[in-house]
Amino acid sequence: MARSAAEADREFWRGVLGGGGFTAIPRWTRDPVPGLAEHTATLPGDLLEALRHVADELAVPLRSVFLAAHVKVLAALTGEREVTLGYAATAGARPLPCRLTAAPGTWRTLVLHTRRAESRLLAHQDAPVEDLTRQLGLEGPLHETVFDPHDTEDGLAPATVLTTGTALHRDRPALRLRHRTDALDAECAARIAGYHLTALALIAADPYAEHDRQSLLSTGERALQLEGLAGPRRELPDRRAHEIFEQRVAAHPDAVAAVHGDRRWTYGELNARANRIGRALLARGLRREGVVAVVTERNLDWTAAVLAVLKAGGVYLPIEPHFPADRVATTLTRAGCGLVLTEHGSTATLDEALESLPGTRCLTVEAAYAEDHPGHDLGVRVTPGQLAYIYFTSGSTGEPKGAMCEHAGLLNHLYAKIDDLEIGPGQVVAQTAPQCFDISLWQLIAALLVGGRTLLIEQEAVLDVPRFVDRLADGRVSVLQVVPSYLEAVLSYLEQHPRELPDLAYVSATGEALKPELAQRWFAARPGVALVNAYGLTETSDDTNHEVMRRAPDGPRVPLGPPVANVRQYVVDEHLAPVPLGAPGAIVFSGVCVGRGYVNDPERTRACFGTDPHRPGQRLYQGGDFGRWRPDGKLEFLGRRDTQVKVRGFRVETGEVENALLRVPGVRDAAVVVGEPAGQAARLVAFYSGPRPVGADTLRGCLARSLPAYMVPSAFHWRGDGLPLTANSKTDRKALTALAAGPDATDDHRHTPRTPTERRLAAAWATVLGIPEDRIGRRDHFFDRGGTSLAAVKLAILLDRAVSLKDVTRQPVLTDLAGLLDRRSGTDTDTGTRLLRPLSAPDAAHEGALVCFPGEGWDTAAFRPLAEALHGSGWGVYGAGPVTATERVGHLVAELTRLAPDELLLWGHGSGAAHAVEAARQLEKRGKRVRRLFIAGHVPDDIHPPSAPPAAKLTTPVTLVVAADDPRTAPFRHRYRAWELLAEHVELYELTAGGHGLPLTRPDDTARAVLRAAGLRAPS
């Protein structure tokens, strides 16, 4: 049966209204004063005739040609191919919502497509659109721009920002634009009219030309964007950074150059030490642009090592000592590094990495000093275009990528900091950033170029905000740069504990978006200290924009600021052509700041680096950020186009994290997104699918073996029904991001806090994590609920330092942390057990108990994966709290006796074995049978045999559990029978893999070992 006209109308408008896509025109006005204005642009007579000819040739009304030009202009202004506008179908009528597309193709195609859409709309114009809008529950305006081919109205509807129409002006056809002056100023209206005239002229000139390859910008606007908005021209010294430092050494050798803790080096001493290290590197064959990895802590020797590499003509490659061995090896290999400069005490993972790299040599700074090379300057010639350093950032393919930057870019960046932050003689710059964070380099050496001083603040102080503020005050710091989330923590402390910081002149925020609310709070607390929003990328020699603020900014976003000296930035479309002023587009970089590419990675280099089409011979870098120009000539950041994100200032490719997650046994599919609950810092959240959940500690431990800590997600969520998909069968990242941003992204919120301390902690957690207090449970894990080390710092401040970052890290479960607080205060917390920490799911019936004693460096949370693996076996798993003395073991045994499980197993891991043995002995004395004692990760060696045999051996059977690949036990596992000095029955159970942390790395295998050795049935 044929549909009625009314049904056809409803179906058409449901498609239009249900398609969404509100098109907002970018605002552009320096003085947003409410009011209405208009701009008229006369159409040249020959242009009008040419357009009529095109319309006749295409058999369309002339208004359709004008409408097509309007669609093209809207698409250019908004950066969207599909736009929604209001269309005045008849004179004086209410505009109808109209969705049109400016897809790539010819002008002819665009006009014809526009005409077809216009015809469909006109065929259904009599339908009750307002009634359908209400039925669909749509609220608010459907459009804010209107195309009116009749141009009979003089005013604007309340929600309309811009109306474009054709009219007669002095008896000549003209375009008439009416606009709101608080959204668009007269200059902007004139430009938009110009875009329309240009689009119409291009249609008339060649309807068969590709419109997406043709610019609507005037010659003047193009020149402004390419030249006028560039950073100011600044002449740089014809020296390299280390050579300018050497000039300062000659001028004042006895002035203090760098301070770390209670150690301080003068300019002369720092220079001499750097020269000795540099000569040691040259003696080992370092050549021009040879890569030298520096693996040290942030200390004075690190300062000398960095200068030494630059002086010797090498390339500085920073690697943090605590990075996983796999990542260290990957970095060294990708960089082609043959020489590593390190120090005693910083080689734990480095030694492991170097086992697979026999061609890489290692030199310690101590050995370099001991060689007693001369301390005068090296005099090695280093050119501006020579490589200075390589910083590795996260890579979406699963491998990090090393950005190569040259000496010219480094020097330009250093002088941008010196100029804009007014760094001068005697001023102190705080060095706070980790070595792998690119801002660490300017923090380290900028002051040394002008006779200032570098204060290296130790990481322990950075993680303890009160100590950090003390360092700023005592060190008379004048310039500080931190990520916004850390600045918020410092500001929160200063708001609670006001104090003078008389030397502080500039605080710079970088690495994350700076929110206006934080800027407002800063100036409320520190009105005399300038706040600088710094923006840049590793590939562009670090920061390229400085927004220096003396008061809180207006508007919803803090601008990135103008480009620094000698830097050019364009906002462009996909063809690298500048987009209209104020329109969103890709931010690209040109000039001295652009690095050379990614080391030994031509494919990824080609994808991001190229030649500037507007300035032949100059490099161009496309970083993936989107932004827009503001009327004041400053950039505004709008987001990213890919899966690269910033977390606590570090750049992370979520694809690299996903690749690592997919290597975990039991994970079939994975997606990592950024969650940013209201008022909280961004964090990584992982979603995965698989046959059953994998313990969060297991996932975290597996990822930590190949990824640095800042790339390990804060939370992991299992999706039993698979990851959500879009209509195109791709992972629906928008849906996951919404889940990650919500306060209830995890469902582990059962069991309300019981004790006053637990309730106090829950309230504090709610504040720093942005989670409603009633959604926090006593068994919640701080880091699983989105906590970070910075959030833990904020928690310590909120609790007035009753806990420290180390406390939260060691006792991340709320009830455990509350117990710690109560023990310190002497409060009795025996509403539950004090030393026994339940680790199993509370909804299962448990007949027996497995009590696990962690070794040094472990806490009870390490056994949660084992508890999950034993789910359904009838065995509840408990962690033994701190039992550092025999009497504490006695307290725990008393708790076990009160618990009265039907069966009992004990597990002692590493150094925790001694406490497990003591517990077994005391339980036997009480007549309590222990079914079996497991000792893991601890086998007697030739140096540490078991202690002297007791008067009576244990009757409890003992099983030694080891992994074949555990380097701590593998050489000695044949001596397991030495434990027969302590027990009557001893046997060995060996797993093929799992390393030293079996319960964490191989929980399923460990669970089977427990059940089999104890003669029990495995869970179904």
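Biologist: So a helix here is a DSSP run of H or I, at least four residues, numbered from the N terminus. Which helix is T78 found in?

Modeller: T78 is in helix 3, which covers residues 62-78. Keep in mind that this is a predicted model.

Biologist: Is T78 buried or exposed?

Modeller: T78 has a relative accessible area of 9%. Buried means under 20%, so T78 is buried.

Biologist: What is T78 in contact with, leaving aside its neighbours within four places in sequence?

Modeller: T23, A24, I25, P26, V83 and P584. Take T23. T23 and T78 are 55 residues apart along the chain, yet their C-alpha atoms are separated by 7.4 Å.

Biologist: And what does the side chain of T78 reach?

Modeller: The backbone oxygen of L74, at 2.8 Å.

Biologist: Let's stay with helix 3. At what angle do helix 3 and helix 4 pack?

Modeller: About 110°, and their axes are 9 Å apart. Helix 4 is residues 107-123.

Biologist: Which residues make the contact?

Modeller: Helix 3 brings R63, S64, V65, L67, A68 and K72. Helix 4 brings W107, L110, V111, T114, R115, E118 and L122.

Biologist: How do those residues of helix 3 and helix 4 divide?

Modeller: Seven are nonpolar, two are polar and four are charged.

Biologist: Next pair. At what angle do the axes of helix 2 and helix 6 cross?

Modeller: Roughly 55°, and the axes come within 9 Å. Helix 2 is residues 45-58, and helix 6 is residues 186-205. Helix 2 and helix 6 are therefore oblique to each other.

Biologist: Is the crossing of helix 2 and helix 6 left-handed or right-handed?

Modeller: Left-handed. On the helix 2 side, the contact uses L47, A50, L51 and V54. On the helix 6 side, it uses L197, L200, A201, I203 and A204.

Biologist: How many of these contact residues of helix 2 and helix 6 are nonpolar?

Modeller: Nine are nonpolar, with no polar and no charged residues.

Biologist: One more pair. How far apart are the axes of helix 18 and helix 19?

Modeller: They are 11 Å apart, and the helices pack at about 35°. Helix 18 is residues 484-496, and helix 19 is residues 516-525. The crossing of helix 18 and helix 19 is left-handed.

Biologist: Which residues make that contact?

Modeller: From helix 18, P484, L487, E488, L491, S492 and E495. From helix 19, L518, R521, W522 and A525. They divide into six nonpolar, one polar and three charged.

Biologist: New topic. Where is Q443?

Modeller: Q443 is in helix 15, residues 439-445. Q443 counts as buried, because its relative accessibility is 0%.

Biologist: Which side chain does Q443 join in a polar contact?

Modeller: The side chain of Q431, at 3.1 Å. A polar atom of the Q443 side chain also lies 3.1 Å from the backbone oxygen of Q481.

Biologist: What does Q443 touch, not counting residues up to four places away in sequence?

Modeller: V429, A430, Q431, T432, A433, T454 and Q481.

Biologist: What about R10 and R596? How many Å separate their C-alpha atoms?

Modeller: 58 Å, and the two are 586 residues apart along the chain. R10 lies in helix 1, residues 5-18. R10 counts as partly exposed, at 34% relative accessibility.

Biologist: Now backbone angles. What phi does R476 have?

Modeller: A positive one, about 55°, although R476 is not a glycine. R476 is in the loop between helix 17 (465-474) and strand 17 (479-482). R476 is exposed, with a relative accessible area of 54%.

Biologist: And what phi does L576 have?

Modeller: Also positive, about 65°, and L576 is not a glycine. L576 is in the loop between strand 21 (567-572) and strand 22 (585-591).

Biologist: Is L576 buried or exposed?

Modeller: Buried, with a relative accessible area of 17%.

Key. Residues numbered from 1 in each chain as written. Predicted model: local features only at pLDDT ≥ 70, side-chain atom pairs only at ≥ 80, totals over all residues. Heavy atoms only, no water. Helix = DSSP H or I, 4+ residues; strand = E, 2+ residues; numbered from the N terminus. Buried < 20%, exposed > 50% of the residue type's maximum accessible area, 1.4 Å probe, protein only. Contact = heavy atoms within 4.5 Å. Polar contact = N/O pair within 3.5 Å; in protein donor to acceptor, adjacent residues only side chain to side chain. Axes fitted to C-alpha atoms, helices over the stretch in contact; angles between N-to-C directions. Parallel < 35°, antiparallel > 145°, perpendicular 65-115°, else oblique. Left-handed = near helix turned anticlockwise from the far one by under 90°. Nonpolar A, V, L, I, M, F, W, Y, C, P; charged D, E, K, R; others polar.
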